[in-house]
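Please look over the sequence and the model before turning to the points below.

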Amino acid sequence: KMPPQTKMHVGKGFKNGIRTTGYHIHIGNESLVDFYTRIKTVRLLDIFLGCSTVIFNNDETEACRRQVYGKSADYRNTDFGLEYRSLSPGILNNIETTELGFDLVNYTLQKVEEGQADNIINSLNKENIQHTINSNDKIQAEHILIQAGLDDSLIERVKRQYSRDFYKTW
């Protein structure tokens, strides 16, 4: 039996006892204190990291979770850069997916530093990206990654089937 004080916290702000969680990535970089660079970076993170996790996460409840928490372009400003908040903790299920997430963040930052962000962003439809992430559309996510020019070796890793057994993989 749950203690009475615990019951006060269950379901606050949620309907039918539904709970959800997210995975946040904190990125510190001097260039990210600039408003426009920060926005470009968040948009590229949606393209490269957000769309990639739609493909490799393999959690059928993702679209439901995103209705409550972690929609496309969800971020928070920080003194050191930004906190990207669109991901699920499913990225932690496997050491390989955690490493892939790290590599996708680095790839994104490289594109920003090389001045390629505007070209990539302008080549895609913003609403399509948001819909793809929020609805967990795997087919459209792959199209976006290809159109955005994600490196073939990263696309290969994104499309790989990963174990979701946290205890076995770690």
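Predicted model: local features only at pLDDT ≥ 70, side-chain atom pairs only at ≥ 80, totals over all residues.

Which residues form a nonpolar patch on the surface? The patch consists of Ile95, Phe166, Tyr167 and Trp170, which together have about 490 Å² of accessible area.

**Overall make-up**

- The protein contains 9 helices and 3 strands.
- Along the sequence, these elements follow the pattern α-β-α-α-β-β-α-α-α-α-α-α.
- The protein has 170 residues, and 41% of them count as buried.
- Among contacts with a separation of 6 or more, 78% are between residues 24 or more positions apart.
- The accessible surface of the protein amounts to about 9,800 Å², and carbon and sulfur atoms account for 51% of that surface.

**A member of the surface patch**

- Isoleucine 95, one of the residues of the nonpolar patch, lies in helix α4.
- Its relative accessible area is 35%, so isoleucine 95 is classed as partly exposed.

- Helix α8 spans residues 152–159, and its buried residues are Leu154, Ile155 and Val158.
- These residues lie on the same side of α8 because they cover an arc of only 100 degrees around the axis.
- Asp152 and Glu156 are exposed on the other side of α8.
- The packing partners of the buried residues of α8 are α2, α4 (95–113) and α7.

- Most residues other than glycine have a negative phi.
- Asparagine 58 has a positive phi of about 55 degrees, although it is not a glycine.
- Asparagine 58 is located in the loop between α2 (35–56) and α3 (62–68).
- With a relative accessible area of 24%, asparagine 58 is partly exposed.
- Asparagine 136 also has a positive phi, near 60 degrees.
- The loop that holds asparagine 136 runs between α6 (126–135) and α7 (138–148).
- Is asparagine 136 buried or exposed? Asparagine 136 is buried, because its relative accessible area is 14% and the cut-off for a buried residue is under 20%.

Key:
Residues numbered from 1 in each chain as written. Heavy atoms only, no water. Helix = DSSP H or I, 4+ residues; strand = E, 2+ residues; numbered from the N terminus. Buried < 20%, exposed > 50% of the residue type's maximum accessible area, 1.4 Å probe, protein only. Arc of directions from axis to C-beta. Contact = heavy atoms within 4.5 Å. Areas by Shrake-Rupley, 256 points an atom, 1.4 Å probe, with all protein chains shown as cover. Patch = residues over 30% accessible without salt bridge, like charges linked within 9 Å, V, L, I, M, F, W, Y side chains within 5 Å. Salt bridge = Lys/Arg side-chain N within 4 Å of Asp/Glu carboxyl O.
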